[in-house]
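Okay, thanks everyone for coming. Let me put the structure up, and then I'll walk you through it.

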Amino acid sequence: MFPQVDITQQFPALYQAYRAFTAAADQAAASAGLSHILGELVKIRVSQLNGCAYCLRMHTRDAVAAGETADRLAVLPAWWESQYFTEQERAALTLAERITRIGDEHTSPAPEIDVEQALSAPQIAAVVWLAVEINGWNRITVSSHTPVAPES
């Protein structure tokens, strides 16, 4: 278990810098032509893999507000088994999972998806930045024990 220290409070300048990084990653995704919903799907899927309740709640709410459906969110943990996602979304999810599981990259088989056919070079770069960004937030909130409780 991690110590009970909110790292965002200990070094607020780093927290603010990471918020700026997040804004830049989101802007890169938009400028590469990726939809806001695709960005949220990447953030949700990475947060599922990392077990980050705080980010899961936040990005699921953001996705719903942007028009994402309950059905697609329900099958996201097994996206490759469904026909709900476009080739571009499938490629982005594949890439995000590979970045998240980078330590296992050399031993785990990758899904049969041609990422470079479905995404342009700027889109690939933007998805990688989104995955790096949300992996960081997952680690910040999990290690800080950020509370996630029902709102009253």
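Let me start with a question: are arginine 45 and glutamate 97 buried or exposed? Both are buried, where buried means under 20% relative accessible area, exposed means over 50%, and partly exposed is in between, with a 1.4 Å probe and protein chains only.

Before I go on, some housekeeping. This is a predicted model, so local features need pLDDT of at least 70, side-chain atom pairs count only at pLDDT 80 or more, and totals for chains, interfaces and linings use all residues. Residues are numbered from 1 along each chain as its sequence is written, and side-chain values use heavy atoms, with hydrogens and water left out.

Okay, the overall picture. The protein chain has eight helices and zero strands; these are DSSP runs numbered from the N terminus, with helices being H or I of at least four residues and strands being E of at least two. Reading along the sequence you get α-α-α-α-α-α-α-α. The radius of gyration is 16 Å, close to the 15 Å from the globule rule for 152 residues, so the protein chain is as compact as a globular protein of that length. That radius is taken over C-alpha atoms, and the rule is 2.2 Å times the number of residues to the power 0.38. Of the 152 residues, 38% are buried. And if you take contacts (heavy atoms within 4.5 Å) between residues at least 6 apart in sequence, 75% of them join residues at least 24 apart.

The side chains of arginine 45 and glutamate 97 form a salt bridge, 2.6 Å from N to O. By that I mean a side-chain nitrogen of Lys or Arg within 4 Å of a carboxyl oxygen of Asp or Glu. Arginine 45 sits in helix 3 and glutamate 97 in helix 6 (residues 87-100), so this bridge ties together parts 52 residues apart in sequence.

How many salt bridges are there by this rule? The count is eight. Another one joins aspartate 26 and lysine 43, at 2.7 Å from N to O. Aspartate 26 is partly exposed at 31% relative accessible area, whereas lysine 43 is buried at 4%. There's a network here too: Asp26, Lys43 and Glu133 are linked by salt bridges.

For a contrast in setting, look at glutamate 151 and arginine 61, whose closest N and O atoms are 3.2 Å apart in their salt bridge. Glutamate 151 lies in the segment after helix 8 (121-143) and arginine 61 in helix 4 (residues 53-65), 90 residues apart. Glutamate 151 is exposed, at 57%, and arginine 61 is partly exposed, at 43%.

Next, the greasy part. The largest nonpolar core has 33 residues, and Leu34, Leu41, Val42, Leu76 and Leu119 touch the most other members. A core here is a set of buried Ala, Val, Leu, Ile, Met, Phe, Trp, Tyr and Cys residues joined through side-chain atoms within 4.5 Å. Helix 8 gives the largest share of this core, seven residues.

Since helix 8 keeps coming up, I checked its length: 23 residues at 1.5 Å a residue should span 33 Å, and its end C-alpha atoms are 33 Å apart, which agrees. The expected span is 1.5 Å times one less than the number of residues.

Last topic, the rings. The structure holds five aromatic pairs. Rings of Phe, Tyr and Trp (its six-membered ring) pair if their centres lie within 6.5 Å, and planes under 30 degrees apart are stacked, over 60 edge-to-face, and the rest tilted. Phenylalanine 21 and tryptophan 129 have ring centres 5.7 Å apart and planes at 75°, so that pair is edge-to-face. The two are 108 residues apart, phenylalanine 21 in helix 2 and tryptophan 129 in helix 8. Both also belong to one aromatic cluster, formed by Tyr15, Tyr18, Phe21, Trp129 and Trp137.

That's my tour, thanks.
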